[in-house]
Every structure is written in structure tokens, then in C-alpha cells.
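Please read the points below with the model open beside them. They cover a few side chains and their surroundings.

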Amino acid sequence: MYILQFIIGLVAIVKGADWLTDGAASVACRFGIPTLVVGLTIVAMGSSAPELVVSVVSALQGKVDIALGNVVGSNIFNTLAIMGITAMVCPIAVERGNIRNDVPFTVLASVAVVITALDAFFNGTGSENVISRSDGLLLLCLFTIFMSYTMSIAKGDKGRAEALTSEEAQPAAATEEGVMPVWKSVIMILTGLAGLVLGGNWFVGGAAGLAAMMGISQSIIALTIVSAGTSAPELAASVMAARKGDTAMALGNVVGSNVFNVFFVLGTAATIHPLGVGGITYFDICALLISSVMLWTLCKFGKTHYTLTRVEGGLLALMAVAYYVVRCM
């Protein structure tokens with residue numbers, strides 16, 4: 001029963017995110033909002049909607065291990081498994097601008113998790129590890145800065161702007177010559193929101209039930225099954241982009257998702273309900289930081305500069321396997 005509830009919830013979340021994104025993009029285009037802005041806001045947020053819904057619902061229900069574990073686990077999965085598998089499908093050519101402007105933000109996001117989560121490490125053993133509401137508000141401020149910086153860079157970089165406004169980077173509703181009627185867009189938005197809300201409740205309830213049924217902690221479920229499930233859209237999008245030769249989009253998809261997960265998703269969840277770090281260990285948070293640093297190092301200083309090769313992708317994938325094996329022992 002819990003497995004069925006888990007799967008139905010995940011499907012509802014993913015489809016809800018698609019409908020909400022397409023409907024919102026159509027409305028934005030109808031009212032003359034630039035496609036660049038649509039790509040940097042609606043599309044980016046839509047791809048990370050599963051993580052947002054799961055973490056927010058978990059925070060509202062007081063299941064803080066799922067809320068935090070979902071973000072930490074998703075970013076580890078994105079960086080090691082998705083980038084590793086994608087690079088093995090097709091080597092990822094990384095532009096210098098990505099190394100200078102984008103990838104470092106994934107490292108910054110990981111550092112932000114370390115600073116906000118490990119209070120006992122920085123303040124002494126008497127402190128409790130918790131991401132407080134003030135930490136959550138700080139992360140949301142960093143998200144605002146990141147979005148402002150990204151949009152300013154995109155507007156000043158013709159190639160980047162063209163990439164973000166290309167048909168491949170936009171939802172179907174934003175690229176068709178005729179956008180959807182307003183009534184249809186509204187229906188898609190409302191249906192998408194309903195799918196996200198209902199799916200989020202089913203998904204979190206199913207995950208908690210699975211943890212109880214299997215006799216393992218909710219943090220383990222969140223770091224493995226939940227995070228892999230909510231990252232499924234990013235995995236599919238990145239692999240398909242790589243198969244089409246659009247490796248830049250595959251990298252941007254992961255980088256944007258990682259930053260959004262920490263700054264916006266984790267910031268929102270912590271603002272709603274302070275997140276105790278009890279079930280998430282130092283090992284998990286160190287793995288998050290090491291994975292982001294490893295990605296940046298391989299992209300910039302690897303054997304083939306500014307290219308993530310198949311061998312390097314295999315290394316990332318093996319690191320993902322090692323992490324899950326050690327964490328589940």
C-alpha cells in the first residue's frame with residue numbers, strides 16, 4: 001500500500017510540475033514577459049518543483065528528516081549520479097563561462113548547507129545542529145542574489161541568452177507560435193497545483209510508511225529513494241539532452257537544480273519549520289560538499305580541460321554507488 005501511495009504521489013508531482021510550468025509559461029508569453037525571464041524563473045522552478053513540494057510538505061508535517069534529507073540526497077544524486085551517467089552517455093563540454101559563473105554556485109550552496117547545518121561543529125558540542133528560521137531566511141536572500149546575478153549575466157551574454165531562449169530550453173507552451181487560450185492555461189495551472197499538493201502529501205506519507213515498514217530511519221529513505229525519485233525529471237532531461245548533443249543544457253540543468261534546492265527549497269522549508277539535523281550525519285553533508293567540489297575540479301582541472309569525459313563520468317557514478325553502499329550499511 002505504501003509503495004503504491006509513494007509511486008502515485010511521485011507521478012502526480014512530476015505531471016503536476018509539467019502542467020503548472022506549461023500553463024504559467026503560456027500566460028507569461030501571452031502578457032509579453034520575455035522568454036529569457038520565463039526560462040530563468042518558471043522553467044527552472046518547475047524542474048525543481050518535486051523537491052520543493054516534498055520538502056515543504058515534510059516541514060509542514062514535522063518530518064524534518066525527509067525535508068532536509070530530500071535536499072541533501074537530491075544534490076548528491078544530481079552531482080554524482082546524473083552528471084556521471086550523462087557524461088558516460090556523451091562527454092560534457094563545459095564553457096569557460098559555466099566554470100566562472102555557474103558551477104561555483106553549486107560549491108557555494110554546499111558550503112551554505114555546511115555553515116547553517118553544523119552548529120555544533122562551529123559553536124562547540126553544547127550546540128544543537130539545526131537549520132533555524134533565520135538560516136532559512138538567509139538562504140532565501142542568497143537565492144534572490146543568485147537569481148539577480150544570473151539574469152544580469154544572461155542579459156549581458158548574448159550566447160547564454162540565446163541558449164536560454166532557445167526552443168529546447170522552453171516548455172512547449174512557450175515556444176509555439178500561438179500560445180494556449182487563457183482558460184486552458186488557467187486549467188493547467190490549477191490542475192498542476194492540485195497535482196503538486198495532493199502528490200506531495202501522498203509521496204511523503206508513502207515514504208514515511210515505507211521507512212516504518214522496512215524498519216529504517218526516515219533520513220535513509222529521504223537520502224536514497226525519495227531524493228532519487230524527485231530527481232528523476234533532472235536525470236531524464238539531462239540524459240536526453242546529452243543524447244542530442246546538448247551537453248551544456250545537461251550541465252545547466254543540474255547546476256540550476258542544485259542551487260535552487262539549497263537556496264530556495266531548503267530556505268523555504270526551514271522558514272516554515274526549523275529543521276533539526278539529527279538524522280542527517282556529518283558524512284552526508286561532507287559527501288554533499290565533496291561532490292560539488294569534485295564536479296568543479298574535474299570540469300576545470302581534469303585531464304581534458306573544460307570537458308567532463310566518460311572516464312570522469314564513470315568516476316562520479318562510482319562515487320555515487322560508494323556513497324549509497326556506505327550510507328545504507
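This is a predicted model: local features need pLDDT of at least 70, side-chain atom pairs count only at pLDDT 80 or more; totals for chains, interfaces and linings use all residues.

1. Residues are numbered from 1 along each chain as its sequence is written, and side-chain values use heavy atoms, with hydrogens and water left out.

2. A salt bridge is taken as a side-chain nitrogen of Lys or Arg within 4 Å of a carboxyl oxygen of Asp or Glu. The count under this rule is one salt bridge. Asp284 pairs with Arg327, and the closest N and O atoms are 2.6 Å apart. Asp284 belongs to helix 14 (residues 282-301) and Arg327 to helix 15 (residues 310-328), so the pair ties together parts that are 43 residues apart in sequence. Helices are DSSP runs of H or I with at least four residues, numbered from the N terminus.

3. For accessibility, buried means under 20% relative accessible area, exposed over 50%, and partly exposed in between (1.4 Å probe, protein chains only). Asp284 is buried at 0% relative accessibility. Arg327 also counts as buried, at 13%.

4. Ile76 sits in helix 4 (residues 64-89) and is buried, with 0% relative accessibility. Contact here means heavy atoms within 4.5 Å. Not counting residues up to four places away in sequence, Ile76 touches Asp284, along with Ala81, Ala287, Leu288, Ser291 and Tyr323. Between the C-alpha atoms of Ile76 and Thr224 the separation is 9.8 Å, and these two residues are 148 residues apart along the chain.

5. Asn258 is placed in helix 13 (residues 247-272). Its relative accessible area is 3%, so Asn258 is buried. With neighbours within four places in sequence left aside, the contacts of Asn258 are Asn75, Asn78, Thr79 and Thr106.

6. Rings of Phe, Tyr and Trp (its six-membered ring) pair if their centres lie within 6.5 Å; planes under 30 degrees apart count as stacked, over 60 as edge-to-face and the rest as tilted. The count by this rule is nine aromatic pairs. In the pair of Phe121 and Phe122, the ring centres are 5.1 Å apart and the planes are at 90°, so the pair is edge-to-face. Phe121 is exposed at 57% relative accessible area, whereas Phe122 is partly exposed at 46%. Phe105, Phe146 and Tyr149 make up one aromatic cluster.

Definitions and conventions:
Helices (H or I, at least four residues) and strands (E, at least two) are DSSP runs, numbered from the N terminus.
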